[in-house]
Amino acid sequence: MELPDFMSYASKFSQSEFVEKVSRVAKRAGAKMVYAALILFYTLQSDKVSKSDKAIIVGALGYLISPLDVIPDAIPIAGLTDDLAVLVFVLKKVWGDVEPEVKEKAKERLAKWFDEDEIAEADELLKL
């Protein structure tokens, strides 16, 4: 799958829309995607991340929020695969700047929406 120009979606990002979207699609999206999104969201708030990395994070999260993407979110199963691909792509790019506290904070939020088995599945992201 070829990734879209997700940076063109940076203007779509807002903190409130991000929280609303993730809350709404959490179960359907799955723990891995939500975990990736939360890690990026909390990394964005860090003052230890470069402006260029923050820019690509904003682009990826804007892509997630936008209803207009390569594969519409309304399509069952496939609809969120492009969103996950963009999130994982950016997560790999900034992984070295992700602090342990960010991972823990994301996992704590994940525990509000998913059970232990689903959270264990999300841990696969940590093997980047």
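**Close-up 1. Asp53 sits in helix 3, which covers residues 51–65.** Helices here are DSSP runs (H or I, at least four residues), numbered from the N terminus. This is a predicted model, in which local features need pLDDT of at least 70 and side-chain atom pairs count only at pLDDT 80 or more, while totals for chains, interfaces and linings use all residues. Residues are numbered from 1 along each chain as its sequence is written, and side-chain values use heavy atoms, with hydrogens and water left out. Asp53 has 8% relative accessibility, so it counts as buried (under 20% relative accessible area, with a 1.4 Å probe and protein chains only). Setting aside neighbours within four places in sequence, Asp53 is in contact with Lys93, Val94 and Asp97 (heavy atoms within 4.5 Å).

**Close-up 2. Helix 2 runs over residues 31–44.** Its 14 residues reach 20 Å from the first C-alpha to the last, close to the expected 20 Å (1.5 Å times one less than the number of residues). Because 13 of these 14 residues are buried, helix 2 is largely enclosed by the rest of the structure.

**Close-up 3. Here helix 2 meets helix 3.** Their axes come within 10 Å and cross at roughly 140° (lines fitted to C-alpha atoms over the stretch in contact, with angles from 0 to 180 degrees between N-to-C directions). On the helix 2 side, look for Met33, Ala37, Leu40, Phe41, Thr43 and Leu44; they meet Lys54, Ile57, Val58, Leu61 and Leu64 of helix 3.

Definitions and conventions. Helices (H or I, at least four residues) and strands (E, at least two) are DSSP runs, numbered from the N terminus. Buried means under 20% relative accessible area, exposed over 50%, partly exposed in between (1.4 Å probe, protein chains only).
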